[in-house]
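Student: I've got a new model open on my screen. Can you walk me through it?

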Amino acid sequence: MNIQNLPIEIKEHIGKVQKITFPKQGHTSTVAILDTCDQKYIIKKTENDLYNEWLSDEYQVLQYLYHTGLPVPKVYSFHREDTSRWLLMDYIDGISLREFLSKMPDLQSKEKAIFNFR
Ligand SMILES: Nc1ncnc2c1ncn2[C@@H]1O[C@H](COP(=O)(O)OP(=O)(O)O)[C@@H](O)[C@H]1O
Ligand SMILES: [Mg+2]
């Protein structure tokens, strides 16, 4: 993924990107963290029919869940372009449950984390 190739609609929304980094990638999309002077975003791009459809579903589900009060990222825009799709959302800071558990927290914290992961 390349800053220059971001859809204009998305570029306009986020303004000047100061830094682009790539987290551990998922299995269905290309994921990048976009740092601007006032906010961090996540952009996801998919490039085939099935994954495009999943990204579109993800957009709808995240919009729906946002109003439930669950801590999900706010989605800003879903963009269609030929055979690609782009989803822009808030970056949420955190680590995976796997990473947390591998840091060997005490048993009580472990149980609490697993219990809360539902
Ligand atoms: N909104 C977000 N905030 C912070 N990190 C995110 C966000 N979305 C994705 N990531 C990071 O990118 C990785 C891959 O994202 P994921 O949504 O699993 O992609 P895929 O749909 O391709 O599997 C996640 O494991 C996480 O580290
Ligand atoms: Mg994934």
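Tutor: Start with the order of elements. Along the sequence, the chain reads α-β-β-β-α-β-β-α-α. Keep in mind that this is a predicted model.

Student: How many helices and strands are there in the chain?

Tutor: The chain has 4 helices and 5 strands.

Student: What does the C-alpha trace span along its principal axes?

Tutor: About 50 × 30 × 25 Å.

Student: And what percentage of the residues count as buried?

Tutor: 14% of the 118 residues.

Student: OK, the inside. Which residues make up the largest nonpolar core?

Tutor: That core has 11 residues: A32, L34, Y41, I43, L55, Y59, F78, W86, L87, L88 and M89. Two or more residues each come from β2 (30-36), β3 (40-46), α2 (49-66) and β5 (84-90).

Student: Which element gives the largest share of this core?

Tutor: β5, with 4 residues.

Student: Switching to the ligand. Which residues come nearest to ligand 1?

Tutor: G26, T28, S29, P73 and I92, out of 13 residues around ligand 1.

Student: What is the shell around ligand 1 like by class?

Tutor: The shell has 7 nonpolar, 5 polar and 1 charged residues.

How values were computed:
Residues numbered from 1 in each chain as written. Chains lettered and ligands numbered in written order. Predicted model: local features only at pLDDT ≥ 70, side-chain atom pairs only at ≥ 80, totals over all residues. Near = placed C-beta within 6 Å. Nonpolar A, V, L, I, M, F, W, Y, C, P; charged D, E, K, R; others polar. Core = buried A, V, L, I, M, F, W, Y, C linked by C-beta atoms within 7 Å. Buried ≥ 20, exposed ≤ 12 C-beta atoms within 10 Å, placed from the backbone.
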